[in-house]
Amino acid sequence: MRRILYAFAPLAVVAACAGSGSAPTGVAQQPAAQVVTMTADLKYSPAAVTVDAGQTVEFRNVSNFAQNVSTEADTPAELQVALMPAGAVPFNSGEIAPNESFRQTFSVPGTYRYFSEANVSEGMIGTVIVNP
């Protein structure tokens, strides 16, 4: 039984870190080119950032409640604000707990407009401009 527990322990660590946007302990993580905070007043701060293709943006939830960041438009309100360059793959952080973060690497140059699924109608919208 001990072998089974030890065999699955590394998988549990990787699974626990996959949703949080953080790397398992001991795994080097490249610093984010930009950091965007998700605030309690339903804003992304700063509202717009610029990075080069291949760089990462870290989204930090500094509020007291779960938030998210997404380019996956499903509702009419989301469809009105969603924007991505041709060839880019949509992303969705899922729920980001307070004091947690999500990292997204942007490979395709162009303009990305992202939003909070729960707060898009309140104007929780941000932009990442990716230079070639």
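Mentor: Let's start with a term: a salt bridge is a side-chain nitrogen of Lys or Arg within 4 Å of a carboxyl oxygen of Asp or Glu. This is a predicted model, in which local features need pLDDT of at least 70, side-chain atom pairs count only at pLDDT 80 or more, and totals for chains, interfaces and linings use all residues. Residues are numbered from 1 along each chain as its sequence is written, and side-chain values use heavy atoms, with hydrogens and water left out.

Trainee: What makes Glu58 and Arg60 a salt bridge?

Mentor: Their side chains meet at 2.9 Å, N to O. The cut-off is within 4 Å, so the pair qualifies.

Trainee: Which residue forms a salt bridge with Glu58 at 3.1 Å?

Mentor: That is Arg103, with 3.1 Å between the closest N and O atoms. Glu58 lies in strand S4 and Arg103 in strand S5, so the pair ties together parts that are 45 residues apart in sequence. Strands here are DSSP runs (E, at least two residues), numbered from the N terminus. Through shared partners, Glu58, Arg60 and Arg103 join into one network.

Trainee: Why is Glu58 called buried?

Mentor: Buried means under 20% relative accessible area, exposed over 50%, and partly exposed in between (1.4 Å probe, protein chains only). Glu58 has 11%, so Glu58 is buried. Arg103, at 17%, also counts as buried, whereas Arg60, at 37%, is partly exposed.

Trainee: What makes a nonpolar core, and which residues have the most contacts inside the largest one?

Mentor: A nonpolar core is a set of buried Ala, Val, Leu, Ile, Met, Phe, Trp, Tyr and Cys residues joined through side-chain atoms within 4.5 Å. The largest has 19 residues, and those with the most contacts inside it are Val57, Phe59, Val69, Tyr114 and Val128.

Trainee: How do you know that residues 1-27 need caution?

Mentor: pLDDT is the predictor's confidence in each residue, from 0 to 100, and it stays under 50 over residues 1-27. Where pLDDT is low, the predicted coordinates should not be read in detail.

Conventions: Contact = heavy atoms within 4.5 Å. Helix = DSSP H or I, 4+ residues; strand = E, 2+ residues; numbered from the N terminus.
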